[in-house]
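Please look at the sequence and the model before reading on.

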Amino acid sequence: MHGLRRAVFLDRDGVINHNVWNPESGAFEAPLRPAQFALIPGVTRALRQLAHAGYLLFLVSNQPNYAKGKAEIDDPAVIHRLLMRQMKRAGISFTGCFYCFHHPEGVRGYGGTCLCRKPSPYFLLMAGRSFDLHLAESWMVGDRATDVACGHAAGTRTIFVGSGHSCEPQPHARARDLGEAAKLILHNDTVRTTTDRVLNGGLAMPARVAPDLR
């Protein structure tokens with residue numbers, strides 16, 4: 001595995017940008033219109049920290065609003081371009097962005113079963129092959145159980161973002177937001193580096209292992 005690169009795969013809604021209350025469904029959902037799109041505070045700083053540490057950044061998101069008749073066909077592309085403009089202004093570059101527009105109960109040609117909808121690891125495995133990624137040293141960060149299941153299926157480590165929610169399967173770690181998730185990832189890197197130095201005889205002190213990241 002020497003020479004393979006590490007990545008952080010990120011869900012979008014609820015991790016990078018705020019979910020929006022939909023009174024028709026009675027739930028917080030992905031923004032339907034560009035005017036509803038707003039980054040979560042601290043996101044750009046966290047992404048810069050991860051990129052500076054050498055992680056490639058990938059966006060992996062289920063976006064079924066068109067398939068469910070809630071949005072027009074151009075709306076997801078407009079919101080994506082808005083996100084990319086904001087990332088560019090912040091000096092952040094995503095290596096890849098992967099969207100699944102299907103839904104099991106969808107219409108408009110996007111219904112039924114597909115290969116790419118999370119929890120399927122399709123996009124993670126494709127990125128792993130295309131970009132020579134070390135998936136076992138990579139992370140999937142999301143706010144839904146499907147994100148965690150996707151990461152497990154691809155062989156990555158996982159962080160569940162959010163509070164007060166149960167999650168099955170269990171993630172490797174939990175965080176309040178992406179900022180805290182980035183700190184956990186970078187702390188784990190530090191611990192693993194220290195452990196390697198101990199095993200190689202570089203330090204006499206015992207290594208510490210970060211909680212939930214063993």
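Buried means under 20% relative accessible area, exposed over 50%, and partly exposed in between, with a 1.4 Å probe and protein chains only. By that definition F123 is buried, because its relative accessibility is 9%. The model is predicted, so local features need pLDDT of at least 70 and side-chain atom pairs count only at pLDDT 80 or more, while totals for chains, interfaces and linings use all residues. Residues are numbered from 1 along each chain as its sequence is written, and side-chain values use heavy atoms, with hydrogens and water left out.

**Strands β4 and β5**

- Helices (H or I, at least four residues) and strands (E, at least two) are DSSP runs, numbered from the N terminus.
- Strand β4 spans residues 56-62, and strand β5 spans residues 96-100.
- β4 and β5 run parallel and are joined by 5 bridges; two strands pair if DSSP finds at least two bridges between them.
- N62 has C100 of β5 as its bridge partner.
- Of the 5 residues in β5, 4 are buried.
- Together with helix α2 (residues 75-89), β4 and β5 make a right-handed β-α-β unit; right-handed means that, with the strands pointing away from the viewer, the path from the first strand over the helix to the second runs clockwise.

**S61**

- S61 lies in β4 and is buried, because its relative accessibility is 1%.
- The side chains of S61 and Q63 are joined by a polar contact of 2.7 Å (a pair of N or O atoms within 3.5 Å; within protein, one must be able to donate a hydrogen and the other to accept it, and residues adjacent in sequence count only if both atoms are side-chain atoms).
- Leaving out residues up to four places away in sequence, S61 touches D11, R12, D13, F98, Y99, C100 and K118, where contact means heavy atoms within 4.5 Å.

**Aromatic pairs**

- The whole structure holds 8 aromatic pairs. Rings of Phe, Tyr and Trp (its six-membered ring) pair if their centres lie within 6.5 Å; planes under 30 degrees apart count as stacked, over 60 as edge-to-face and the rest as tilted.
- F98 and F123 are stacked, at 5.1 Å centre to centre and 15° between the planes.
- This pair ties together parts 25 residues apart in sequence, because F98 lies in β5 and F123 in helix α3 (residues 122-130).
- Y122 and F123 form an edge-to-face pair, at 5.5 Å centre to centre with 65° between the planes.
- F98 is buried at 13% relative accessible area, whereas Y122 is partly exposed at 33% relative accessibility.
- Ring pairs link F9, F58, F98, Y122, F123 and F131 into a cluster.
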